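Trainee: Could you take me through one part of this protein in close detail? I would like to see how a single residue sits among its neighbours.

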Amino acid sequence: MDEQMQEYEIQGLGVSAGSVYGPAVIVHTSIDVDIHEPRSTDAAADTERIKKAMKAVSEALALQAAGTAGTMSEILLAQSSLARDRGLRKTIVQKIEKGSGLTHAVREAVEEYAAQLTALGGYMSERAADLRDIGDRIIAHLRGIPAPGIPALEQPSVIIAQDLSPAQTAMLRPELVRGIITVAGGATSHTAILAAQLGIAAVVGAKGAMDIPPHATVGLDGGSGIVWVHPSEKICADLDKKARIRAQLLANSGGAGSTKDGHPVVLLANIGTVSDAELISGKGVEGSGLFRSEFLFLDRADAPSFEEQTETYAAVLRAFGNRRVVVRTLDAGADKPLAFATQEKEENPALGRRGLRLSMVREDLIDTQLRALAAAQNMTGGNLWVMAPMVSTAAEAQWFADKARGYGLKRVGMMIEVPAAAIRAQQLMKYVDFASIGTNDLTQYTMAADRLNSAVTELNSYWHGAVLDMVKAACDGAHANGKYIGVCGEAAGDPLMALVLVGLGVGSLSMAAPKVPAVRFSLSRHNFAQCGAIAQAALSAVTAEEAYEAVRALVNPDVLEIS
């Protein structure tokens, strides 16, 4: 705590739970170009220098990936692939041939590419920050200076940055990093995902955080998203108390998920790789409610083969034994373009040909994937569930269900992540066995607010009544058909929202694995009827803030200590 300093607050978006405080370490991650470098006079020689620099950066990231595992490793490998991108290299070389100096050529090419990615929105907008990190690393290599990164920490600290790249976040040591605060980022940014995986309290979208003085004491709550600068002794004591109580309450959280009166709620983990499955399967989860299969397809020149896919799916099924594994078929397309499935440029890719829409025009991709999933199921006898993303109509649901069952898959389902699917769930779910609500996309499409844009964070909240109405409609549609429905979006990992979702009729919750104990604890403190009453209170509220406060007023006080 800082004596005689004026305390003030910054409101951000809490993405990884924890109540902490410590000295601020300000991270400036950008590398400047060499302002003294001459214009290029030997394009051939300079092109070779660029090739060597890109190769060195790629190899360094691949080496870093080899020292990690799971989603972290997969993200770093994607960064390594990006550093070898031929299109990026070609653009840099074009700048050199026009006379730009080496580091200037890199910066100009990266910014040109980044502007294109930002314009695409969604997943590709997020990749713009990754690309800029690659550019900084190439420039650092060319200048012979250290790559951008977080300085060596001498004591447990709070990291503050405009944004953190996957490579930078992967280097964090939880014993020395009490918390992370970034100005940029959203609920599904790499910083959010990796912070939750590492168990580090984190707040993103905190405007003004880079103005915090170095070494100033900073407190943060990764649940509420509040950042305190120069916190008082009382605030620090409150943060310590909340952290201590949270640890005590969660210490014995284990076993199958259920409400206090025994109503079962299956608690699952979201995964993206075989390593994720192997790491998470032993951490008290009841399976995986979302295996993001697109990690197999992204950042590569050719589609993965039938054999490669079969081996991957079989390994994931083996890791979980007889526990449920829900695989989402390829969720790519307009906002996550594939080199081997090019499409015409779309003005609004978030509303374009993605997910199942891409599969319906590239049946070779979905046929190979479904055939591989069926083969993995037959090889392992695993508890495999398969669902399609971005389903909007009954015809699409029927198309996918018929195709998947044609390959012998036993449990076939769909994602509900667009309002059309939620509103008409009763009609769509006649054709499938189950559904999973993707609250991230359902929220952004319902509220017309990009989930990666921190400027519309207030709109992009699953506490809005319109979003809850969509969830209720989806649950009612599933139950009318006697079908099973779960949730696999960020909302599932919120201990307060979990009660609302169960009260609306959700049967399973899938989230980042470190969030499972808090959700399990929250459920164990309420009976099923109480969940229903809590859900009704949230539905009756006029604003998102009122819904949140209405739920807080009804829950067991212990749950407020862990949220």
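Mentor: Happy to! Let's start with L496, which has its place in helix α18; helices here are DSSP runs of H or I with at least four residues, strands are runs of E with at least two, and both are numbered from the N terminus. Keep in mind that this is a predicted model, where local features need pLDDT of at least 70, side-chain atom pairs count only at pLDDT 80 or more, and totals for chains, interfaces and linings use all residues. Residues are numbered from 1 along each chain as its sequence is written, and side-chain values use heavy atoms, with hydrogens and water left out.

L496 has a relative accessible area of 1%, so it counts as buried (under 20%, with exposed over 50% and partly exposed in between, using a 1.4 Å probe and protein chains only). Leaving aside residues up to four places away in sequence, L496 touches W463, Y548, V551, R552, V555, V559, L560 and S563; contact means heavy atoms within 4.5 Å.

One of those partners, V551, leads us to helix α21, residues 544-554, where A544, A547 and V551 are buried. Seen down the axis of α21, these buried residues fall within an arc of 60 degrees, so they line one face of the helix; the arc is that of the directions from the helix axis to the C-beta atoms. An α-helix has 3.6 residues a turn, so residues three or four places apart point the same way. The buried residues of α21 pack against α18 (495-504) and also α20 (528-540), which brings us back to the helix of L496.
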